[in-house]
Amino acid sequence: SGCLHFLSIEKEQILFSEKITTVDNNIHEEKIFRSIIVISDRLNEDQCQLLLLLSTGSLMRITHLNFKELLQAVAIGDIPKLSRIKDSIRMLSYDISQYVKQPLCMTYQPMLEPSYLLVIGGKGDEPLCVLEIPSEDTYDVVHSVPSSFFGGNSIWKCHFVDHNLVLVLHSDKSLSFWACSSLNFFMMKLCQEFKVENFFCSNNSSKIYNSSLNRGPKQNDTQKLFILANENEKHFIHVLSMPFLSKMYSVLTSSSTCIVDMTGNKENIFFVEGQSLSDDNNLPTMRVKSIRESLPSQRFSYLLHKGRYQEALDFAHLYEFSDEEIQLVYMVKADWLLGKAIASEANSNHSPDIPENLFNSLIDTLGNIKSNADIVRICSNSGLSNVDHVYKLLIYARNRSRSTQSKLCDWVIRIVKDMEERDDWPTNALHLVTLINDIGESLLTTNLTGKSPLDYTNMLSFGMQHTSTDTDKTSVKTNFKEIQELAIYLAELDKLYKAYNCKMKFEELKKATPKSTIFHLLENTKAAELIPSVVNNSIRKYMADYGVSDDKVFAEYIKEWLDRISYNSLPGALWETKAVAIVNVIRSDQYIIEATMEIMRHAGLPWSDDVKILVEKAMTIDHPKKIEIENEYRLTEVKEICQKYGIDSFNISDIYQAERTLLRICHADVFFETKLLDAKK
C-alpha cells in the first residue's frame, strides 16, 4: 500500500500511519519496502531517524523521531501529544534510480558526526552504489560499480562487518568482500564451493561453544558469520569465525530454512525451519530453532539446567555420551531432590518432614550413581536438619560403601568437620554422633546370632556377615571406641560454647588444656573494653569449674602473647591497651608486677599514657620487685631524654659517656629551662 505504520505492541494498535508513496498495483507488483534502517542520533540518544529503501528507486529519510516522547505519550494516552510528535516528523526523498535502478538492500556505517556511509545494492547497470550523507538535506555519491564488474549479476544483500569491509551476496548465490578504504573498491570472492542462499553476521557476543560431545573449551568471543548454503541439494548453516573465515561447525537443515535477524538478541542465533509431511511440498509445520540448541553438548546442558532429567538421559544415550556424562544426570538430579527436601523441611508447620515419595525418589536416584565417593559426598553434605533423615542417608551410604567398620569412624569425623562451618555447631554434630554411638552400643548388647538379613539391616550391621557373637562384639567395641571419644569431645565443645561462650574447633579441643582454653578466650577478645566482661562472665567461671586457682595464667598469657606478636611492626595502641586491660583484671599483686614488667620490656618509646599509668600504679605496690620497676622506670625516662636529643645509645654505667651526654644536652638548640630540667633527670 506504500504506507508506513507506527504500532504500539503493548496496546496492540496502530498509533498513526504515514503515506510514503502511491503505488499502482496493476503496474508495480513487487513489494514496496525493500529495507529499513533505524539510526540513533549520536548526540541525542532519545532521537533517531529512519532510512527506507523503496523498490521504486527512492530513498526516504524520516528524521526528528523522538521515541522516548512517543512511548510516554502512548503510556498516558496523550492524543494531542501524539499529534504534535507526528507533525514534527520530517520526511525527505532522494531519487537513486539513476544509480541503482531497482534497489534491493542497503547497509550503513557511521563516520564523523553527523555523516555516515550508505551502501545500496540491487539490479541495474550499476547494482552497487556508495553514498555519503553529510547532513540532513544532501547526499554525495562516493562510488558506483557497473554490473559488468559482477558478470552481470545483481546484489541481493550487503552488510558492513566493520568500518571498512562490506559483505555482499550476489544473484548467482556467491559471496564476496568489498573494501571501501580510500574510496577505492577491491573485491575478494568467498565460499565458492557452495551456493549461498543467505547470510547473517553476529556481533562479538553470540556465545557459541565447541560442538564436541565432551564439552570442549569455549571459543574466543569473536564475530561470527552464519551462512545458509545449498550443497548438492542439501542445506546447511555453516558457522565461520571472523575475520579469517575458519569453519567452526555446520548444522544440517531442511530445504525450507530462513535465518532470522534478531537484532536485540545476541545470545542465540535463530532460524525458522519448515518440515513437509506430504508429497505436495506443503509446509504444515514450522520450527524455530537456535544454533546453540542444535549442539549436542549445549542441548544436554540446557536440559540439565531446566531439570528435564529423563530427556537429558535419552539425549545422552542417543548421542552416545560417555558414562561420565550419564552419571552427571543422576548426580544433578540428586542435588535437586535434596534441595526440594530441604525446602520441604523448612516449610513444615511442625517438625521437619519430607514426603515419602520425595525421599524414595532420592534413594532411587542415588541407586543409579556408581561412585561410592559421590554417594558419601551427597549423603554427608545433605544439609537436612531432621536427624532421622540424616540417619537414613548415612545408613544408605554406609551400606553402599562396602568398606570395613574401621573406616566408619573416619567417615563420621569427616562429616563432623564439615559441620563446623554450618549453623548450630556443635549441637547438630553432637546429636548425630550420639545417634551413631547409641546404635553401636545396641550392637554390643544384642545377640547377633540367628538373625535374618532384615534384622541385621535394622541393627546397622553395615553389610558385614556375622558368624561369631564374641568376635562381632569385640570388633564393634573396638571400632566404636573412637565414636564414643568423639561424642565426649563434642559434648565438651557444646558445654564450652553454651556455658562460657567459647567457640573452638574440634582439632583445637583435642589438644586443649584449661590453660590453653583461657588463652583461647583472651585471644578471641579483640577489643580491650570487652576484656573485663569476658573475664568476669566467662573466664572466672571456667577457672572455678576446672580448678584454675590463681591469676598466674593471665601473666603467662601476656608473656606468651607479647613474645609471639610482631609488636615492633604495629603501633603500640594496637596491643598495649589490650595488655593493660588484662593486667587490670589480675587480683594478685605478684602477677600484676610480673605482667607489668613484661609490658615494660616490650613497650616502645616514648611510652603511651596507658603504659605510664600502669607502671606508676605498680610502683605503689609493696613488693620485692618494686625496686626493679622503679629503676626500669627511671632508665626509661633517661632513654626518652636521649632519644629527644638524637642520642640512640647510652650506657648508664659509663661516667665519661654520661658527661658527654650532659654537654650535648646543654649545647642543644632548645629552651634553657627544658635543657636544665632534662639534664637534672
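This is a predicted model: local features need pLDDT of at least 70, side-chain atom pairs count only at pLDDT 80 or more; totals for chains, interfaces and linings use all residues.
Is Ala-487 buried or exposed? Ala-487 counts as buried, at 13% relative accessibility. Here buried means under 20% relative accessible area, exposed means over 50%, and partly exposed lies in between (1.4 Å probe, protein chains only).

Residues are numbered from 1 along each chain as its sequence is written, and side-chain values use heavy atoms, with hydrogens and water left out.

Start with the whole protein. It holds 23 helices and 21 strands. Both are DSSP runs, numbered from the N terminus: helices are H or I with at least four residues, strands are E with at least two. Of the 681 residues in the protein, 43% are buried. The accessible surface comes to about 37,500 Å², and carbon and sulfur atoms own 50% of that surface. Such areas come from the Shrake-Rupley method with a 1.4 Å probe; for residues, only the protein chains shown count as cover. Now take contacts, meaning heavy atoms within 4.5 Å. Among those between residues at least 6 apart in sequence, 49% join residues at least 24 apart.

How confident is the predictor? The score is pLDDT, the confidence in each residue, from 0 to 100. The mean pLDDT of the protein is 75, and 75% of the residues reach 70 or more. Confidence is highest in helix α4 (residues 309–318), at a mean of 91. It is lowest in helix α11 (residues 453–458), at 34. Residues 204–220 have pLDDT below 50, and this stretch has 44 contacts in the model beyond near neighbours in sequence. Residues 444–473 are also below 50, with 33 such contacts.

Back to Ala-487. Its place is in helix α13 (residues 481–500). Leaving out residues up to four places away in sequence, Ala-487 touches Leu-430 and Val-433. Ala-487 and Ile-436 are 51 residues apart in sequence, yet their C-alpha atoms are 9.4 Å apart in space.

Next, two threonines. Thr-107 is found in strand β7 (residues 102–110). Thr-107 is buried, with a relative accessible area of 7%. A polar atom of the Thr-107 side chain lies 3.1 Å from the backbone nitrogen of Phe-160. A polar contact is a pair of N or O atoms within 3.5 Å; within protein, one must be able to donate a hydrogen and the other to accept it, and residues adjacent in sequence count only if both atoms are side-chain atoms. Beyond residues up to four places away in sequence, Thr-107 touches several residues, including Ile-37, Leu-117, Cys-158 and Phe-160.

Thr-525 lies in the loop between α15 (514–523) and α16 (531–545). Thr-525 is buried, with a relative accessible area of 7%. The side chain of Thr-525 reaches the backbone oxygen of Leu-521 at 2.8 Å. Not counting residues up to four places away in sequence, Thr-525 touches Leu-530, Ile-531, Val-534 and Lys-578.

Now the aromatic rings. The structure holds twelve aromatic pairs. Rings of Phe, Tyr and Trp (its six-membered ring) pair if their centres lie within 6.5 Å; planes under 30 degrees apart count as stacked, over 60 as edge-to-face and the rest as tilted. Why is the pair of Phe-149 and Trp-178 tilted? Their planes are at 50 degrees, so the pair is tilted, with ring centres 5.5 Å apart. The pair links distant parts of the chain, 29 residues apart. Phe-149 is in the loop between β10 (140–145) and β11 (155–160), and Trp-178 is in strand β13 (residues 175–179). Phe-149 is partly exposed, at 48%, whereas Trp-178 is buried, at 1%.

Tyr-557 and Trp-561 make another pair. Their planes are at 10 degrees and their centres 5.9 Å apart, so the pair is stacked. Both residues are in helix α17 (residues 552–564); because they are four residues apart, about one helical turn separates them. Tyr-557 is buried at 0% relative accessibility, and Trp-561 is buried at 6%. Elsewhere, Phe-300, Phe-315, Tyr-319 and Phe-321 form one aromatic cluster.

Last, charges over rings. A charge sits over a ring if NZ of Lys or CZ of Arg is within 6 Å of the ring centre and within 35 degrees of the ring normal. The charged end of Lys-157 sits over the ring of Phe-199, 4.7 Å from its centre. Lys-392 lies over the face of Phe-359, at 5.6 Å from the ring centre.

Technical notes: pLDDT is the predictor's confidence in each residue, from 0 to 100.
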